[in-house]
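Visitor: I've got this one open on my screen. Can you walk me through it?

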Amino acid sequence: MQDTTPPKRGVSIKERIKRTATGRKPAHSFSAASTQVTTATGSVTEAGGRFIGKTRTKSADRGNVKSVNEFIGKTTAKPAAKLAAKPAGKATTKHAAKLAAKPTGKPVPKTTAKRKHVVRHPESVISSKSQITPLTTQSEQSKTSTLKIYIPDSAASSAAKTTESTAVKSKNKTVQPKSRTARSGRNKQNQRPTPANKLTSEQTITPATFTASQLPAIRENIWSSLDIARSEPHYSPSFKALRMRKGTSLNLKSEADKAKPKTKVKALRVIPLSGLCEVGRNMTVLEYGNDMIIIDCGVSFPDDSHPGIDSIIPNMEYVFKNVHKLRGVFITHGHEDHIGALSWLMEKIDAPVYATPLPIELIRYKLEDRGIKGKDKLLRTVHDGDVIKAGCLSVEYIHVNHSIADACALAIRTPIGTVIHTGDFKIDYTPINGGVIDLPRLASIGSEGVLLLLCESTNIERAGFSPSEKVVGETFAGIFAEATGRVIVATFSSNVYRIQQIIDAAERHNRKVALIGRSMQNVFRAADSLGYIKRRADTIIDLANVDNYAPEELVIITTGSQGEPLAALTRMAFDEHRKVEINPSDTIIISATPIPGNEKPIYRVINELYKKGAKVIYSSLAHIHVSGHAYREEIKLIHELLRPKYFIPVHGEYRMLHLHAELAHEIGQPWDTIFILNNGDICQITENDAKIVGSFNAEPVLIDGKSATTLDNNVLESRKILAEEGIIVISLCVNKATQTLAAAPAIQTRGFVYQSDLSDIESETTALIHRYIKKVVNNNKPLADMLRSHQFRDQLYSLFYEKTSRRPIVLVSVLEV
């Protein structure tokens, strides 16, 4: 007898599909968005894209439609002779008889409750939108069934996909269901490119013609029929432990495909070595076959969790292992988080480095600072519009606006499609210099079709459009007009446009300009040599000559806008600068907003400046800074111009990447085409699909003085303890012959206890040492070895914590004489 037991409550849809694919009961037939499935057991039409309860006869008790393999082409009918033995047109089950009694073409009411994606009674539940056709005779249905799949030319088409078995000759009129219109906000002309594996016209699939290349189309058909859609993007494997993956795709493979030997697939591999789930340290590898390129190679700066570390660079082991594939390094712009680590990379490679003029000059200075000689011959200057061939890849530079000159996006053409990397950008219709972002070129590439978009996410949390840089110049003009003494402006050294506006305001009010800070002077020298700074010949003066001018005739441009401990503005605030001292008549402008995490040091500097009587103006008080990164509406515009097939958000912390993914989905990007990656992930894209195929360790490399090493938690933890708990050193001299102390214990502390408490700690420690020695001697154990043991050290730890509630680093030195 047929098993009519309803499935257990809460069984997942994935489990139901698995049961169906393996032939386990209960077996269901599937319906696409507009479907008529006819088998030897009955005919049911469906318009809602849901599971259809299958009507059965006694001859179908073993399940004629019992697997997905049958659904995709195997014969579902019994032999004609057996079927002919049955009375024509007679339904033998009670449920089939009830269905046959219904008037043709009328909806069948629900017989049982159901909830989304869970079928309570698969033998009888039919969608409320479904309609029933009269049951045809078994003799008429004895012909071999073949599956026809209709899929529209566009992957985003609102027309429904239809599956249909071969037409069965019948006098009964079949009621054709209405197709369901898919939700889509895009017109036909602006749809994303259809993947190559999609079936773009009516095709008949039989066991003889079925191939693996048709699997993705069949998967999509079946998922559409189940009315299941991915509700979130693809996540990095490193995030899997933190969340449940949804929307797992079907694993449909024919036996012939399983038996085939695995062949190496030519695919584009996108590998972010760093720069994801953080702001800074940008470095991405694109690889196709035996050709590989690198996009940017930046540095990030340490926070409180990295005491003593100078800077942090990407882990480049993957590049060094595959250096024979490397065809070039392509730089989007000259900020530290995009070029700061190049000197470490160029030490070990001989591949060319391509960049626009200003980044090239800044890279030259970096090689000189580290004493790397002979590598400047690898530098290649390019301009926006240039196209560089790199093996089977080619890279086009496209002008964008940013807070530094010569910023560009990259269009990388690969054998399977075009990849766009936006770099850092904003849309500024009134830029200070360099022209407006090349939106027409981006739109033109978008009309050709974009395979993948890598777009920055820095300001995804800020609504609207970013203000123009010109706003800052207007504010400067007003402040300079009111200032009665010196004007000191702290800003990012790389912001050439900001420096230009400060010089413009100074010349308007007949002031001379002096520059403080090595990085500030390097960037100014590079920009000035390229003609990017417009000024009078006598405007810039040397810092040594500032005493020759009255305060109201001076402007000083300095570093330190983020409260860096060694920056010039910080040293001025704490009276540590050798040449500049803050006066009550000074007006100090901090032309930057705090980078997240830098708020405390910045406000500490501001407090000190106020204490000296200076007038301080910062971003909370006036429009003296605008961001160089796009806001949400600008990011939306880039998405709409490019309309990529796949999308990976980059250049942002995790929350920024997630919000950017949500924004892309809101404007039409399917979840199944969005990937949120982590550093070290490998995203593989072929002509047919995209997926995360693996990952590797991409731990950052810490630059500590002259050494470069991967993250060493033991060293960093010891430094934190030294800073917070202090250290105590105990020196003991042991007489080998008598197994006693040859001298009194010597105890030294640093940063552990105050001088007033030191004598008590010393006496308590000495007493514990003597008790321990007595115990060891009584047990006839070697004294020196026991004093070096963890047991002795643990007793010291317990004593110090009991007396001080602190856990210092304890060093025990034992000398035998």
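Visitor: What's the average pLDDT of the protein chain?

Guide: The chain averages 76, and 67% of the residues score at least 70. pLDDT is the predictor's confidence in each residue, from 0 to 100.

Visitor: Where does pLDDT stay under 50?

Guide: Residues 222-228 stay under 50, and the model has 30 contacts for them beyond four places in sequence. Residues 244-261 also stay under 50, with 27 such contacts. Contact means heavy atoms within 4.5 Å. Where pLDDT is low, the predicted coordinates should not be read in detail.

Visitor: OK, salt bridges. How many are there?

Guide: The count comes to 25, taking a salt bridge as a side-chain nitrogen of Lys or Arg within 4 Å of a carboxyl oxygen of Asp or Glu.

Visitor: Which residue does Lys325 pair with?

Guide: Lys325 pairs with Glu287, and their closest N and O atoms are 2.7 Å apart. Helices (H or I, at least four residues) and strands (E, at least two) are DSSP runs, numbered from the N terminus.

Visitor: Is Lys325 buried or exposed?

Guide: Lys325 is buried, at 10% relative accessible area, and Glu287 is buried as well, at 3%. The cut-offs are under 20% relative accessible area for buried, over 50% for exposed and partly exposed in between (1.4 Å probe, protein chains only).

Visitor: And what about Glu361 and Arg364, where do they lie?

Guide: Both are in helix α10 (residues 357-369), three residues apart, which is about one turn of the helix. Glu361 is partly exposed at 21%, and Arg364 is partly exposed at 27%.

Visitor: Which side chain does Glu816 meet in a salt bridge?

Guide: That's Arg788, at 3.6 Å, N to O. Glu816 is in strand β35 (residues 809-816) and Arg788 is in the loop between α21 (783-787) and α22 (790-804), so the pair ties together parts that are 28 residues apart in sequence. Glu816 is partly exposed at 34%, and so is Arg788 at 38%. There's also a network: Glu396, Arg413, Arg441 and Glu448 are joined by salt bridges that share partners.

Visitor: Back to β9. How many of its residues are buried?

Guide: Six of the six, so β9 is largely enclosed by the rest of the structure. Met283, Val285 and Glu287 point one way, while Thr284, Leu286 and Tyr288 point the other way.

Visitor: Which strands does β9 pair with?

Guide: Strand β8 (residues 268-274) pairs with β9 in the antiparallel sense over six bridges, and Val270 stands opposite Leu286. Strand β10 (residues 291-295) is also antiparallel to β9, joined by five bridges, with Ile294 as the bridge partner of Val285. Two strands pair if DSSP finds at least two bridges between them. The hairpin of β9 and β10 has two residues between the strands, and Gly289 takes a positive phi near 60° there.

Visitor: New topic. What does Ile674 touch?

Guide: Not counting residues up to four places away in sequence, Ile674 touches Pro233, His234, Phe647, Ala661, Ala664, His665 and Gln669. Ile674 lies in the loop between α18 (654-666) and β27 (675-676), and is buried at 0% relative accessibility.

Visitor: And where is Thr539?

Guide: Thr539 is in the loop between α14 (518-529) and β22 (540-541). Thr539 is buried, at 2%. Leaving aside neighbours within four places in sequence, its contacts are Ile503, Glu507, Arg511, Lys512 and Val513.

Visitor: Last one: how many cavities of 30 Å³ or more are there?

Guide: The structure holds 11 of that size. On a 1 Å grid over the protein atoms alone, a cavity is a set of points where a 1.4 Å probe fits but cannot get out, and lining residues have an atom within 4 Å of a point. Grid points are joined across faces, edges and corners, and a volume is the space filled by probe spheres set on the points. The second largest cavity has about 140 Å³ of space. It is lined by 17 residues, of which Asn401, His402, Asp428, Glu469 and Tyr497 lie nearest its centre.

Key:
Residues are numbered from 1 along each chain as its sequence is written. This is a predicted model: local features need pLDDT of at least 70, side-chain atom pairs count only at pLDDT 80 or more; totals for chains, interfaces and linings use all residues. Side-chain values use heavy atoms; hydrogens and water are left out. On a 1 Å grid over the protein atoms alone, a cavity is a set of points where a 1.4 Å probe fits but cannot get out, and a pocket is an open set with protein on both sides within 12 Å along at least five of seven lines; lining residues have an atom within 4 Å of a point.
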